[in-house]
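Let's take a friendly walk through this chain, from its overall layout to the residues packed inside. Have the sequence and the 3D view open as you read.

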Amino acid sequence: MTTDPLLMATTLATRMRVRQRDTWDRTRVLALQSVALGRLLRHARTNSPYYREALRGAPDIPLTELPILTKPRLMEQWDRISTSHTLRLSEVERRLAET
């Protein structure tokens, strides 16, 4: 087995960055979570027709107020929820049937 030096360096750097967070106080952790949630919501609004509609008019919605996504709704709206144009429910079901 060969080792990829770039992958190893990236992994170690990420590990160090994550471990440093163990010393953060609550305020700093909550700030990081808020930024990450904001990025996630922007991505969802930009790439998912479902979330573009579901989150309309709520740019900074708290996590506790996000709409709940049930399994039946996910299955019904899969192609509109997915943020990848190549990940369609019919393709997922076909691949699952192959295994």
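## The aromatic pair

Rings of Phe, Tyr and Trp (its six-membered ring) count as a pair if their centres lie within 6.5 Å, and planes over 60 degrees apart make the pair edge-to-face. In this predicted model, there is one aromatic pair. Tyr 50 and Tyr 51 form it, edge-to-face, at 5.0 Å centre to centre and with 90° between the planes. Both tyrosines are buried.

## Overall layout

The protein chain has five helices and zero strands, giving the pattern α-α-α-α-α along the sequence. Its radius of gyration is 19 Å, well over the 13 Å from the globule rule for 99 residues, so the chain is more spread out than a compact globule.

The C-alpha atoms fill a box of roughly 45 × 40 × 20 Å along the principal axes. Of the 99 residues, 14% count as buried. The accessible surface comes to about 8,400 Å², with 59% of it belonging to carbon and sulfur atoms.

## The nonpolar core

Which residues make up the largest nonpolar core? There are eight: Leu 37, Leu 41, Ala 44, Tyr 50, Tyr 51, Leu 55, Ile 61 and Ile 81. Helix H2 (26-47) and helix H3 (49-54) are the elements that give two or more residues to this core, and H2 gives the most, with three.

Leaving aside residues up to four places away in sequence, Leu 37 touches Ile 61, Leu 63 and Leu 66.

## Helix H4

Within helix H4 (residues 71-81), Gln 77, Trp 78 and Ile 81 are buried. Their cover includes H3 and helix H5 (89-98).

Technical notes:
Residues numbered from 1 in each chain as written. Predicted model: local features only at pLDDT ≥ 70, side-chain atom pairs only at ≥ 80, totals over all residues. Heavy atoms only, no water. Core = buried A, V, L, I, M, F, W, Y, C linked by side-chain atoms within 4.5 Å. Buried < 20%, exposed > 50% of the residue type's maximum accessible area, 1.4 Å probe, protein only. Helix = DSSP H or I, 4+ residues; strand = E, 2+ residues; numbered from the N terminus. Contact = heavy atoms within 4.5 Å. Phe/Tyr/Trp six-rings, centres within 6.5 Å; stacked < 30°, edge-to-face > 60°. Rg over C-alpha atoms; globule rule 2.2 N^0.38 Å. Areas by Shrake-Rupley, 256 points an atom, 1.4 Å probe, with all protein chains shown as cover.
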